[in-house]
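Please examine the structure below with its salt bridges in mind.

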Amino acid sequence: MEVPKDQIAALLENGLYSSAQMLGSFLVSSSSINAETSPHLKAENLILLGDALFREREYCRAIHTYKQALQYYKIIPKQNSTSRSSLSSSNRSSSPNSFNISAINENEVKFKIASCHFALGETKAALVEMEGIPSKARNLQMSLLMAKLYRNSKHNRSAVACYRECLRQCPYVIEAITALAELGATAKDIISLFSQTPNRSGRAQFDHVDSGRWLQRYVEAQCCIASNDYKGGLELFAELLQRFPNNIHILLEMAKVEAIIGKNDEAIVNFEKVRAIDPYVMTYMDEYAMLLKMKSDNSKLNKLVHDLISIDPTRPEVSVALSVLWERKKGETALSYAEKSTQINERHIPGYIMKGNLLLSMKQPAAAVSAFRGAQELRADLRSYQGLVHSYLASSKVKEALYTAREAMKAMPQSAKALKLVGDVHASNSSGREKAKKFYESALRLEPGYLGAALALAELHVIEGRNEDAASLLKRYLKDWADDSLHVKLAQVFAATNSLQEALSHYQAALRINPQNEAAKKGLERLEKQMKGVDPDAPEEDEENEVDDADGEVEETELL
């Protein structure tokens with residue numbers, strides 16, 4: 001009795017993959033088809049079964065089945081040109097999600113095998129299959145997969161060529177635009193590819209001036225972000241948001257950048273807008289979790305993690321969010337979740353950042369360097385530079401810290417945070433404090449509202465006995481910043497000048513903002529001893545690290 005092949009195709013088209021898989025087992029084992037006399041039929045049947053297995057995520061079985069199909073394809077008699085040509089027709093989709101029972105194509109089957117390997121994280125095996133497909137035979141799907149595989153293998157030049165080919169075929173492949181920007185392509189170079197896109201009549205399809213304008217703005221925004229021009233990128237995204245209000249993708253991109261550069265309040269607002277529009281979005285939600293942790297908003301953090309787990313517990317964002325949640329309770333558990341996120345997706349940057357921060361807090365700076373390097377290899381941004389500098393300083397590797405900080409300053413010449421990073425290295429030893437002061441002041445001239453630089457400069461004033469200068473500087477920020485670290489620093493300054501009541505007031509203000517602030521808790525304990533007339537233990541002085549700085553003198557002066 002014949003097994004109806006067309007019914008398997010119908011099951012696949014209707015998403016009934018389990019039934020299609022079971023029926024496919026009957027089809028490929030049917031005694032009515034002789035593999036020796038009808039190898040093309042056997043191959044077609046195996047492809048259908050492979051497609052069902054692919055959709056059921058049984059990738060290893062799908063690979064095995066597709067390869068069996070290719071074996072039968074190869075034994076089709078060469079003289080039977082009609083049969084072979086029908087099997088090699090290329091007028092159908094290559095996706096395993098598309099079904100056609102009348103013909104198969106060897107290149108399409110190889111693409112399906114490569115897609116399975118890619119889903120399993122087997123990049124090398126996937127590349128072997130894809131490189132067996134002639135470049136002229138690759139469609140848009142194939143070019144995009146090829147680009148991703150080359151990028152994952154760090155063959156960036158080949159990846160760029162494939163991403164460029166994607167945009168030649170279709171200018172709206174957004175992930176190709178983002179990837180090319182991250183790989184160093186200029187906006188002009190990317191936009192030039194759009195005019196090379198033919199439509200069905202053979203002419204360039206990118207003739208719509210209006211649609212082209214917003215896409216060009218999007219390209220420019222991504223190139224700004226990729227080159228660390230965060231301000232320019234945010235301005236372009238804001239312009240796009242006016243044209244496309246409540247655009248989830250743009251809001252997420254803005255929130256991600258704001259989180260990277262420390263505009264935490266703005267980032268939180270944009271993440272909350274996204275959640276209000278679509279509560280099931282998972283993209284970048286681990287970044288949101290980190291921000292909630294910084295704000296000590298534990299109720300929102302708990303709800304976010306609960307929501308993410310209920311949506312899809314297999315996503316790397318969930319593992320990072322769980323790591324954030326466990327950070328205060330149990331460091332080892334938090335670290336295991338951070339590591340899990342990078343196992344799920346080895347290109348997931350927040351996983352490396354979270355892992356590095358955890359290792360640094362656990363006094364494992366050498367391991368933290370490795371984690372931050374992992375993030376930087378994927379995309380060098382402000383956070384990976386900050387993590388590396390602080391890790392090197394914790395390891396007493398001051399030269400490496402200074403080199404990295406200068407590298408950040410070159411990459412982001414208009415970034416006050418990069419200037420502060422160089423200042424932090426100089427401030428780590430007594431001989432560099434004057435240089436540190438200059439860098440902090442430069443950072444504040446570039447960004448007058450930058451609280452981090454103000455706190456660092458105030459700390460230098462305190463160390464050198466200029467408590468009044470420190471208090472005067474910090475008071476200017478009180479009206480604009482409800483920040484626990486600002487109140488802690490002010491409390492420390494007032495405690496050092498014996499203004500104990502004012503110090504008490506600021507410690508209490510810090511704990512109202514963030515009840516978990518350890519510096520405020522310890523400072524308050526110390527202050528209580530002072531108020532009782534007990535001399536608290538003097539703080540331990542850090543060992544001084546001398547920096548051989550001669551080589552960088554001229555370079556830093558120019559950058560300043």
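The model is a predicted one, in which local features require pLDDT of at least 70 and side-chain atom pairs count only at pLDDT 80 or more, whereas totals for chains, interfaces and linings use all residues. Residues are numbered from 1 along each chain as its sequence is written, and side-chain values use heavy atoms, with hydrogens and water left out.

Side chains of opposite charge can pair when their charged atoms come close. A salt bridge is taken here as a side-chain nitrogen of Lys or Arg within 4 Å of a carboxyl oxygen of Asp or Glu. Under this rule, the model contains 27 salt bridges.

One of them joins glutamate 220 to arginine 217, with the closest N and O atoms 3.1 Å apart. Both residues belong to helix α12 (residues 209-226), where they are 3 residues apart, about one turn of the helix. Helices are DSSP runs of H or I with at least four residues, numbered from the N terminus. Glutamate 220 is partly exposed at 24% relative accessibility, and arginine 217 is partly exposed at 27%. The cut-offs for these terms are under 20% relative accessible area for buried, over 50% for exposed, and in between for partly exposed, with a 1.4 Å probe and protein chains only.

Aspartate 307 counts as buried, because its relative accessibility is 15%.

Aspartate 265 and lysine 295 also meet in a salt bridge, at 2.7 Å from N to O. This pair links distant parts of the chain, 30 residues apart: aspartate 265 is in helix α15 (residues 264-277), and lysine 295 is in the loop between α16 (285-294) and α17 (298-311). Aspartate 265 is partly exposed at 42%, as is lysine 295 at 38%. Elsewhere, salt bridges connect Arg151, Glu182, Arg379 and Asp381 in a network.

The buried residues of α9 are Ala159, Cys162, Tyr163, Arg164, Cys166 and Leu167. Among the elements that cover them, by contact (heavy atoms within 4.5 Å), are α8 (140-152), α10 (174-182) and α11 (187-194).

Conventions
Helix = DSSP H or I, 4+ residues; strand = E, 2+ residues; numbered from the N terminus.
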